[in-house]
Amino acid sequence: MIRVALLLLASLPPPATGSRAGSDLAAGPAPGVTRAVEVASARVGTRHEGCAALVREAYGLPAGTSVRSLLSRGALKRSPSPGDLVFLADRPGGPAEHVGIVASVNAEGTALVIHDTERGVARIRVNGAHPWKTRSESGRSLNDVLVVPAGKITAGRLLVGYASSP
């Protein structure tokens with residue numbers, strides 16, 4: 001399985017799990033979502049068996065659950081919420097090859113995503129509203145740059161979409 005390799009990973013704060021301070025979302029996440037984000041967050045910096053395996057572990061899904069089967073569980077949406085699944089491609093406009101978990105979302109719509117990369121589980125920033133940009137006008141990070149078979153590409157350009165948590 002080809003994995004996304006992280007090129008740029010700035011020092012990131014731990015994701016919010018119980019509150020959405022700094023988020024544009026009003027209500028807190030469901031308990032199962034909070035637990036899934038906590039399980040995935042605990043794996044940051046470690047090696048894992050693949051992005052689908054990380055999602056299976058976080059949500060307690062059956063063995064054999066793949067990126068394709070996760071993708072087929074629901075309609076894709078453009079706006080993320082904590083606990084949502086995020087699907088990424090290996091090239092802009094390509095099919096979903098990778099899956100991660102949205103840990104938090106800030107007011108600018110940038111999702112902090114927990115994803116298993118070639119270098120281990122990492123937090124990456126993804127902003128589909130500004131897919132080409134790495135920084136906003138105010139200097140806040142919007143998208144991390146990832147190394148994929150197609151080259152060095154911002155995460156927002158690899159975004160296929162988000163789906164509600166399983």
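1. Two strands are taken to pair if DSSP finds at least two bridges between them, and helices (H or I, at least four residues) and strands (E, at least two) are DSSP runs, numbered from the N terminus. On that basis, β4 is joined to β5 by a hairpin that runs through two residues.

2. This is a predicted model, in which local features need pLDDT of at least 70 and side-chain atom pairs count only at pLDDT 80 or more, while totals for chains, interfaces and linings use all residues. Residues are numbered from 1 along each chain as its sequence is written, and side-chain values use heavy atoms, with hydrogens and water left out.

3. The chain contains four helices and eight strands, and these follow one another along the sequence in the pattern β-α-α-α-β-β-β-β-β-β-α-β. Of its 166 residues, 50% count as buried, where buried means under 20% relative accessible area, exposed over 50%, and partly exposed in between (1.4 Å probe, protein chains only). Contact here means heavy atoms within 4.5 Å; among contacts between residues at least 6 apart in sequence, 58% join residues at least 24 apart.

4. Five of the strands form an open sheet, in the order β5-β4-β3-β2-β8, with antiparallel pairing. Neighbouring strands are turned against each other by 30° on average, direction ignored; axes are lines fitted to C-alpha atoms, for helices over the stretch in contact, and angles run from 0 to 180 degrees between N-to-C directions. Helix α2 packs on this sheet, where it touches β2, β3, β4 and β5, and its direction makes about 45° with that of β3.

5. Strand β4 (residues 111–117) deserves a separate look. It pairs with β5 in the antiparallel sense over seven bridges, and the partner of Asp116 in β5 is Val121. With β3, the antiparallel pairing of β4 runs over four bridges, and Val102 stands opposite Val113 of β4. The hairpin of β3 and β4 has five residues between the strands, and in it Gly109 takes a positive phi near 85°.

6. A nonpolar core is a set of buried Ala, Val, Leu, Ile, Met, Phe, Trp, Tyr and Cys residues joined through side-chain atoms within 4.5 Å. The largest one has 23 residues, of which Val55, Tyr59, Leu85, Phe87, Val99 and Ile101 touch the most other members. At least two residues of this core come from each of α1 (31–42), α2 (51–59), α3 (67–71), β2 (85–89) and β3 (96–105), and α2 gives the most, with six residues. Leaving aside its neighbours within four places in sequence, Tyr59 is in contact with Gly32, Val33, Ala36, Gly83, Leu85, Ile101, Ser165 and Pro166. A second, separate core of 15 residues includes Val86, Leu88, Val126 and Tyr162.

7. Gly64 lies in the loop between α2 and α3 and, at 65% relative accessibility, counts as exposed. Its C-alpha atom is separated by 8.9 Å from that of Ala52, which is twelve residues away along the chain.
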